[in-house]
Amino acid sequence: MPQNTHARKKRRGSSARRAVISLLIVTMILLIVTIALLVENLSLRAQLAEPEDNSSANSQISDTVSDNSSEESSSKAPTVAAADKWKLRVANSENVLPADFSVETGLITPAYARDQGMSFDARAVGDLNAMLAAANKDGVNLLVISCFRTLTKQTNLYNAEVQKWLNRGYSEENAKAKAATIVAVPGTSDHNLGLAVDLNSVEESFENTKQFDWLQEHAAEYGFVMRYPKHKQEITKIIYEPWHYRYVGKEHAAKMNELDMCLEEYVEYLGIEF
Ligand SMILES: [Zn+2]
């Protein structure tokens, strides 16, 4: 028994020593952490208290950084929501509309339309009518002479143009190629989309009218761009048509003019696939 008590006392003694040692270790760790934090805090204060020259250099750096980011955002292509893609749909020789293509159309204000019942894509006809009314208010008479064309009508127009060149002695292949630069092959025209109008006169001299000047200044405000500019003929593969305006929506019209891009270039720039 006495031996047992002695052993217990011994155990009690050593466990007390162990507790003291671990307490010491914890205290030392806490001390080290506190010192480390203090040192860090001090060096931070020292940085903050650096002379003005340095702090202005810092602000210059941050200015440059923000400049860069704003440049990036202005040169970045706008993202196009899937629901908005119809505005930029390309109809050309490489993007032929399917034979069953259809679109819901709305009526162009009859006062500004040459023929009865002229129509345009229902989603954009409001902007078109607003543009026509605004021009009229400014004393500029815009008259729609061509608008939405069914594929059947486009086929008739194209065939008539081919015939014209055949009559002038062109081979069938050459006549078709020539016609395609003047009247779009069926399914390759903005008119088949219901997103284009021809205004007043299909003569190049239209560019010398006040109607043309008004369009140059205001069309984009209503979401319209000149679809076949003179300096983009190699890309559009269509002759210069100062009378042909295409709806792309206000945001894209402004951006296309700013970037000086025709629709083919702009769609490629955005990376849109149809
Ligand atoms: Zn046209």
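I started at D84, which is partly exposed at 25% relative accessibility (buried means under 20% relative accessible area, exposed over 50%, partly exposed in between, with a 1.4 Å probe and protein chains only). I am working on a predicted model, where local features need pLDDT of at least 70, side-chain atom pairs count only at pLDDT 80 or more, and totals for chains, interfaces and linings use all residues. Residues are numbered from 1 along each chain as its sequence is written, and side-chain values use heavy atoms, leaving out hydrogens and water.

Next I checked the partner of D84: its side chain meets that of K87 in a salt bridge, 3.3 Å from N to O (a side-chain nitrogen of Lys or Arg within 4 Å of a carboxyl oxygen of Asp or Glu). K87 is buried, at 16%. The structure holds 13 salt bridges.

I then turned to helix 9, residues 250–259, where K255 and E258 lie three residues apart, about one turn of the helix (helices are DSSP runs of H or I, at least four residues, and strands are runs of E, at least two, numbered from the N terminus). Their side chains form a salt bridge of 3.8 Å, N to O. K255 is buried at 13%, whereas E258 is exposed at 58%.

Last, I looked up strand 6, residues 244–247: H244 and R246 on one side and Y245 and Y247 on the other are all buried. Strand 4 (residues 196–199) runs antiparallel to strand 6, joined by three bridges (strands pair if DSSP finds at least two bridges between them). Here I found V197 opposite Y245. Strand 5 (residues 224–226) is also antiparallel to strand 6, with three bridges, and V225 stands opposite R246.
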